Every structure is written in structure tokens, then in C-alpha cells.
Amino acid sequence: MHRKILRRTALAIALASASVTALSACAPAVDVTAAADAANPACAPMMVALPDQIGDAALRKTNSQATAAWGDPSQVILRCGVNVPGPTTDRCVSVNNIDWVIKEGDPVYTLTTFGREPATEILIDPVKLEAANISSATVLTELAAAVGKIKATGKCVGQEDLQNLPSAQ
């Protein structure tokens with residue numbers, strides 16, 4: 001009698017394990033192209049600190065180094081190791097001490113960290129975010145602690161900063 005119970009328990013565990021494996025096989029990795037400098041060791045501390053969720057969008061597996069995706073379908077894509085932006089007239093915002101250069105596309109917006117090397121890029125589709133009840137401010141706030149693992153070496157300068165420059169005499 002005791003052996004029957006053990007066999008049933010072992011069979012139940014085996015079936016449960018097979019079910020979990022089968023279910024996880026149904027969720028393919030998100031196809032994200034790695035950035036040119038994705039192997040930069042400075043990306044690693046940020047990648048391990050990424051949040052498990054942004055709003056209700058869960059972190060998903062990706063198929064490339066130093067990349068991440070949230071939501072199904074993906075609402076936020078992150079890539080570490082993209083080209084560091086130089087001086088620009090593009091809009092720049094600061095959220096929780098992280099500066100982001102914003103390039104509005106149709107439909108995808110690209111936000112790239114400014115003053116951090118390697119740079120991190122986020123791709124968002126405002127329509128998909130809105131449908132998921134996630135604001136772009138929530139995305140930047142949720143990612144700030146992780147992105148902050150890459151040390152800032154500069155910051156955005158706006159028109160108001162240029163007005164206070166000393167004049168040449």
C-alpha cells in the first residue's frame with residue numbers, strides 16, 4: 001500500500017514537472033536585436049536590477065544579451081549598449097535623476113539615456129502603453145533604479161541653463 005502511494009506521488013510530481021516545462025515552452029523569447037556594445041560589463045548591474053513588472057506588464061525572456069521586454073505583446077523593449085548620444089536639440093527629460101533623450105516616431109518612441117556610458121535605449125509604443133493603462137512616466141520611474149546602476153557622467157542642458165553662463169569680458 002505504501003509503495004502505491006509513493007508511485008502515485010512520484011507520478012504526480014513527474015506530470016506536474018512536465019506540465020510546467022510544456023507551458024514554459026509555449027512562451028517564446030522576444031526577438032530583440034542586441035546593441036553594438038551589449039557585451040559591455042557596465043550593462044550587467046543594470047540588467048540584474050530590472051523590475052519584474054512595469055505596471056501590469058510582466059518581464060519576459062529575450063533572445064539577446066543586455067535586452068529586456070515587458071508585456072505580451074511587448075509594450076516596453078530595453079537595450080543596453082546603444083550608441084551614446086552626443087549634443088542634441090531633441091527633447092530631453094529627467095526622471096528620478098535619469099536623463100532621457102526622446103525621439104518621437106510613428107508609432108514607436110525611442111528614449112535613450114543621456115550622460116551615461118554605455119547608453120540604454122527604451123522603445124515604447126504609446127498606443128500599446130495606453131491600452132495597457134501604463135504611462136510613459138511609469139515606465140521611466142520603474143526603470144530609474146536599475147538604469148541608475150550605470151554611473152552618470154553628464155546631464156542634459158536646456159535653454160534655461162544657457163541663460164546663466166558667464167559673459168566674456
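Is Ala 119 buried or exposed, and what is its relative accessible area? Ala 119 is buried, with a relative accessible area of 0%; buried stands for under 20% relative accessible area, exposed for over 50%, and partly exposed for the range in between, with a 1.4 Å probe and protein chains only.

The model is a predicted one, in which local features need a pLDDT of at least 70 and side-chain atom pairs count only at pLDDT 80 or more, while totals for chains, interfaces and linings use all residues. Residues are numbered from 1 along each chain as its sequence is written, and side-chain values use heavy atoms, with hydrogens and water left out.

The average pLDDT (the predictor's confidence in each residue, from 0 to 100) is 84 for the protein, and 77% of the residues score at least 70. Residues 2–25 have a pLDDT below 50, and this stretch makes zero contacts in the model beyond near neighbours in sequence; a contact means heavy atoms within 4.5 Å.

The protein contains five helices and eight strands. These are DSSP runs numbered from the N terminus, helices being H or I with at least four residues and strands being E with at least two. From the N terminus on, the order of elements is α-α-β-β-β-β-β-β-β-β-α-α-α. Among contacts with a separation of 6 or more, 58% involve residues 24 or more positions apart. Of the 169 residues, 34% count as buried. The protein exposes about 10,700 Å², of which carbon and sulfur atoms supply 54%; accessible areas come from the Shrake-Rupley method with a 1.4 Å probe, and for residues only the protein chains shown count as cover.

Ala 119 belongs to strand S8, residues 119–124. Its C-alpha atom is separated by 5.5 Å from that of Gly 81, 38 residues apart along the chain. Leaving aside neighbours within four places in sequence, the contacts of Ala 119 include Cys 80, Gly 81, Val 82, Thr 112 and Thr 113. Leu 123 is also placed in strand S8, but counts as partly exposed at 25% relative accessibility. With neighbours within four places again left aside, Leu 123 is in contact with Gln 75, Val 76, Ile 77, Val 108, Tyr 109 and Thr 110.

Several loops have backbone features of note. The peptide bond from Asp 106 to Pro 107 is cis, with omega near 15°, and Pro 107 sits in the loop between strand S6 (98–103) and strand S7 (109–113). A cis bond also runs from Glu 117 to Pro 118, with omega near 5°; Pro 118 is in the loop between S7 and S8. Asn 96, in the loop between strand S5 (91–95) and S6, has a positive phi near 50°. Asn 133 has a positive phi of about 60° and lies between helix H3 (126–131) and helix H4 (136–147). Asn 133 is exposed, with a relative accessible area of 73%.

The largest pocket has a volume of about 160 Å³. On a 1 Å grid over the protein atoms alone, a pocket is an open set of points where a 1.4 Å probe fits, with protein on both sides within 12 Å along at least five of seven lines, and lining residues have an atom within 4 Å of a point. Grid points are joined across faces, edges and corners, and the volume is the space filled by probe spheres set on them. The lining consists of Pro 87, Thr 88, Thr 89, Asp 90, Cys 92, Phe 114, Cys 156 and Val 157.
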